[in-house]
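Subject: A structure for you to look at

Hi there,

Here is the structure I promised to pass on. Please have a look at it first, and then read on for what turned up.

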Amino acid sequence: MSVTAPIDRPLRGFVAYAVGTDHKSVALRLAGSAFAFFVAGGVLALLMRSELAAPGMQVTSRAGYDQWFSMHGSTMIYFFVTPVALALGTYFVPLQVGAAEIAAPRVNLASFWLIVLGGLVAWSGFLTHGGAGSAAWTAEFPMSDAINTPGTGMDLWIVGVALAVLGSMGLAACQLATIVARRAPGMTMLRLPVFSWAMLVTCLMVVTSFPALIVAMGGLVLDRHGIDVYSGAFGASAYQDLFWFYGHPVVYVMFFPFVGVCLEVIATFSGRRLFGYRGVALSLLVFAALSMSVWGHHMFTTGQVSNPYFSLTSTLLAIPAGMEYVAAIGTLIGGALVLRTPMLFALGFFLQFLIGGLSGIYVASPPLDYHVHDSYFVVAHFHYTLLAGSVFGLFAAVYYWWPKVTGHELRERIGRVHFGIFVIGTNLTFIPQFLLGYDGMPRRVADYAASTGWTTDNAISTAGSYVVALSVVVFVVNVAVSWLLPRRVGDDPWDGQTLEWATSSPPPRFNFERPLPPVRSPQPLLDRKLIAGGAP
Amino acid sequence: MSGRGGAYVVFGWALLNAALAGMLLGFRHNWVQVAGSFAAVATVVAVAVLAAASSGEAGRRYLPEASGGAPIVAAGLVLVTLGAGLGLWVALVGAVVLGAGVVLLARERTR
């Protein structure tokens, strides 16, 4: 297969940013934009934690706090973790499958712009008279209707979220088409790298569940402008069914890519093939299918869903999750472990996500969920999976693939400091929140009475949030030092196993200038090294 | 590689989803839940059919270095959807921008 494109001169500056179609460039722009949203959402988190550090309203009003937690959650889910997870796939799926470019590069570019513009539209709500959207990231009806959340800010939130979700669907469709139709000769589906398997199921979930959010938001806009959509006895429940049909799979969209990359990192830094590769591929498919059938567990307390069905499917999630942990542990046992920063973050991902996952089994039981629903227990649960889980996986990916993207390395010592501070910060922030939630502190409250006895745990959690912020500063310092004082590394500094390590760092415009190694397994580079006799 | 391998995987996933959606019918449910579940199954089957139809034999393909039409289409979509909240005039401006973007994309593809 040969490809060609007329190139007059390389694109530079703003022009390249606006119209360049190279999937690698689009992915980097998307990741950079998502990181900017992460910082913005993180600032909101620090403001919220500052307010909750002690009883009484010290920082903002209750209405202001409503906007903060709504925009914090919305930013992190719609404009940071989901886009950055898809950005990893946008960059690395074509490289891992041996393709010259992603399928439908113009759709890919348009999707990037939808996400960025959607985020800016949602945030522009802060500039309106009534402020930004303030009905939480879920915008549940009737809290989000025109009576309870009036004003243009909420309308801008709805539009911004719908655009970002539409953009995510475009990115996923391009990656799906690339995996299905652009694989290198010899790369059957059971020779796909595990990260590409993870992106395959991620993209399947995106294209099948994300339309429900578009429908939900469309109905909400109509309802806010005079057309009764969610009124009536089952209206509010219908909104929740539609929203959570998207809202549960999206948390797995924010998880699977990082599982994939962490399994690759563990295999690479153990110097051996991934244990149980076929089991992992099967577990990802089962995990993704189950994720499409558990949305009702967010509605246990509404009385509008079958608690037995959704409790059963939710508890079954432990089986494929367990299979992935077995694969990780099985790869580590007997491996020649190299504890570089990517490996530290990958191990941290599996350990910390476990806390979030086990607390998820707890809330999968309706009677237990009735006690902790809408409390800080749930807040701690999903932050352990997302921040203390997926973001650890994200940093594992960044440290692992940074040399491939830039040709330079991130500093190892600063990376270890970053890891250590991040571990301390995330646990200091969210362990107290389990205790607070179990003790009855509701989520989404701007204040609490001193007589509740919640002050100490809240103060500790606030301190932890500042430690998390410090860890992000350390990461930014690492990036700055590595950028200003670059240390060049070779094309394959980690002794990688998959095709992206077979090309130069950074990769050329059409990814591979040298002939690809033969693909006879999910680890073609490892095969080549074994044949050459130089494998570790 | 041909898309058949991917089609088998996607179709297998559709069967898993169909089994779980079918299981829901044995429990208390409402029409939104059933419609959503089986609409998802239908979507996955459609993806499997598209995958099976893709041959993977691209031959010589023109890959763009840049696309002015793509960001303009995105901007047009943004304005059209903003019209839902801000007013019809915004949606009309958006429709014009969207149309311009589509025309530009069509010209890019025929180069």
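To start you off: in which loop of chain A does A:Asn511 lie? The answer is the loop between H17 and H18 of chain A. Please keep in mind that this is a predicted model. A:Asn511 is not a glycine, yet its phi is positive, at about 70°. With a relative accessibility of 0%, A:Asn511 counts as buried.

The loop between helix H17 (455-484) and helix H18 (524-532) of chain A also holds A:Pro506. The peptide bond that leads from A:Ser505 to A:Pro506 is cis, with omega near -5°. Another cis peptide bond links A:Phe141 and A:Pro142, where omega is about 0°. You will find A:Pro142 in the loop between H4 and H5 of chain A.

A:Asp374 has a positive phi too, about 60°, and is not a glycine either. Look for A:Asp374 in the loop between H14 and helix H15 (376-406) of chain A. Is A:Asp374 buried or partly exposed? A:Asp374 is partly exposed, because its relative accessible area is 36%.

Now to the place where the two chains meet. Chain A brings 69 residues to the contact and chain B brings 54 residues. Between them the chains bury about 5,100 Å², and 71% of that is on carbon and sulfur atoms. On the chain A side, the residues that lose the most area to chain B are A:Arg106, A:Val180 and A:Tyr309, which together make up 14% of what that side buries.

The rule finds 2 salt bridges across this interface. A:Arg106 takes part in a salt bridge with B:Glu108, side chain to side chain, at 3.0 Å from N to O. There are also 11 residue pairs in polar contact across the interface. H5(A) gives the most to the side of chain A that touches chain B, with 9 residues. By class, that side has 48 nonpolar, 14 polar and 7 charged residues.

A:Tyr309 is also one of the buried residues of H11(A), among them A:Asn307 and A:Phe310. The cover over the buried residues of H11(A) includes H10, helix H12 (318-332) and helix H14 (366-372) of chain A, as well as helix H1 (4-24) of chain B.

Lastly, A:Gly296 sits in the loop between H10 and H11 of chain A. A:Gly296 counts as buried, because its relative accessibility is 0%. Neighbours within four places in sequence aside, A:Gly296 is in contact with A:Val305 and A:Phe310.

Methods. Residues are numbered from 1 along each chain as its sequence is written. Chains are lettered from A and ligands numbered from 1 in the order in which they are written. This is a predicted model: local features need pLDDT of at least 70, side-chain atom pairs count only at pLDDT 80 or more; totals for chains, interfaces and linings use all residues. Side-chain values use heavy atoms; hydrogens and water are left out. Contact means heavy atoms within 4.5 Å. Buried area is the accessible area (1.4 Å probe) that two parts lose on being put together, summed over both. A salt bridge is a side-chain nitrogen of Lys or Arg within 4 Å of a carboxyl oxygen of Asp or Glu. A polar contact is a pair of N or O atoms within 3.5 Å; within protein, one must be able to donate a hydrogen and the other to accept it, and residues adjacent in sequence count only if both atoms are side-chain atoms. Helices (H or I, at least four residues) and strands (E, at least two) are DSSP runs, numbered from the N terminus. Ala, Val, Leu, Ile, Met, Phe, Trp, Tyr, Cys and Pro count as nonpolar, Asp, Glu, Lys and Arg as charged, and the others, Gly among them, as polar. Buried means under 20% relative accessible area, exposed over 50%, partly exposed in between (1.4 Å probe, protein chains only).
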